[in-house]
Amino acid sequence: YCEQAAKKVLEEKEAEYEVRQFQSLVLMERKNPGVTVMSLLEDMEAFSICYKDVFRHCINSYGFDAPKALLQLKQQGMIICSGFEGLADAFLCVDEVGIEEAFAEIENDRKLLERITRLDMKMSLEKKKDYIDLLVRIPMALAIGAYFILPFFFYSLQGVSEVFELLEEMQI
């Protein structure tokens, strides 16, 4: 079960990384005059691992019914990673506003995703720091216990045992 969970986390991280790659690709190509939806899809497929089948299916069905193919791209891509939704929505808007305008929001999404990633990393580091702080305090607690508390405890037990011995002698 743990292996499956770890594999799923790795796949999610890989998918998020690919979404960032796609965003970079779109940011580079969206202002080129000869770029088309099909060329963007083909370039994304070339750089993809997690989304390769999704892009291939979309490319193959794009010629028959482009809106339906892009809608399926969105649905299948969101199953892999929810961050893919913004890219897919931009593809769906290309016919209405053009490539450059459709993908204008991608830059903001990318900055937001980077901030979220940095925040997650910072939270992870804080969590690790808390564990390390706890581990650092364990030797200190052991040292205080071994050098101060245990001798005092044994000294007190010795005094108590002497009191019990004295009481036993008084009863006899």
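Biologist: How do the axes of helix H3 and helix H4 cross, and within what distance do they come?
Modeller: In this predicted model, the axes of helix H3, residues 52–62, and helix H4, residues 66–80, come within 8 Å and cross at roughly 170°. Angles over 145 degrees count as roughly antiparallel, so H3 is roughly antiparallel to H4.

Biologist: Which residues in H3 and H4 meet there?
Modeller: From H3, Val 54, Phe 55, His 57, Cys 58, Ser 61 and Tyr 62 take part, and in H4 they meet Ala 66, Ala 69, Leu 70, Gln 72, Leu 73, Gln 76, Gly 77 and Ile 80.

Biologist: And what does the contact of H3 with H4 look like by class?
Modeller: Sorted by class, the contact of H3 with H4 has nine nonpolar and five polar residues, with no charged residues.

Biologist: What about H2 and H5, how do their axes cross?
Modeller: The axes of helix H2, residues 37–47, and helix H5, residues 85–97, cross at roughly 155° and come within 11 Å, which means that H2 is roughly antiparallel to H5.

Biologist: Which residues meet in that pair, H2 with H5?
Modeller: Val 37, Leu 40, Leu 41 and Met 44 in H2 meet Leu 87, Phe 91 and Val 94 in H5, and by class this contact of H2 with H5 has seven nonpolar residues, no polar ones and no charged ones.

Biologist: Stepping back, how many helices and strands does the protein have?
Modeller: The protein has seven helices and zero strands, and from the N terminus on its elements run α-α-α-α-α-α-α.

Biologist: Changing topic, how much space lies in the largest pocket, and which residues line it?
Modeller: About 250 Å³ of space lies in the largest pocket, and its lining is made of Lys 13, Glu 16, Tyr 17, Arg 20, Leu 113, Ile 116, Thr 117, Asp 120, Met 121 and Ser 124.

Biologist: Which helix supplies the largest share of that lining?
Modeller: H7 does, with six residues, while helix H1 (2–29) and helix H7 (104–171) each supply at least two residues of the lining.

Biologist: How do the lining residues of the largest pocket divide by class?
Modeller: The lining of the largest pocket divides into four nonpolar, two polar and four charged residues.

Note on methods. Residues are numbered from 1 along each chain as its sequence is written. This is a predicted model: local features need pLDDT of at least 70, side-chain atom pairs count only at pLDDT 80 or more; totals for chains, interfaces and linings use all residues. Side-chain values use heavy atoms; hydrogens and water are left out. On a 1 Å grid over the protein atoms alone, a cavity is a set of points where a 1.4 Å probe fits but cannot get out, and a pocket is an open set with protein on both sides within 12 Å along at least five of seven lines; lining residues have an atom within 4 Å of a point. Grid points are joined across faces, edges and corners, and a volume is the space filled by probe spheres set on the points. Helices (H or I, at least four residues) and strands (E, at least two) are DSSP runs, numbered from the N terminus. Ala, Val, Leu, Ile, Met, Phe, Trp, Tyr, Cys and Pro count as nonpolar, Asp, Glu, Lys and Arg as charged, and the others, Gly among them, as polar. Axes are lines fitted to C-alpha atoms, for helices over the stretch in contact, and angles run from 0 to 180 degrees between N-to-C directions. Angles under 35 degrees count as roughly parallel, over 145 as roughly antiparallel, 65 to 115 as roughly perpendicular and the rest as oblique. Contact means heavy atoms within 4.5 Å.
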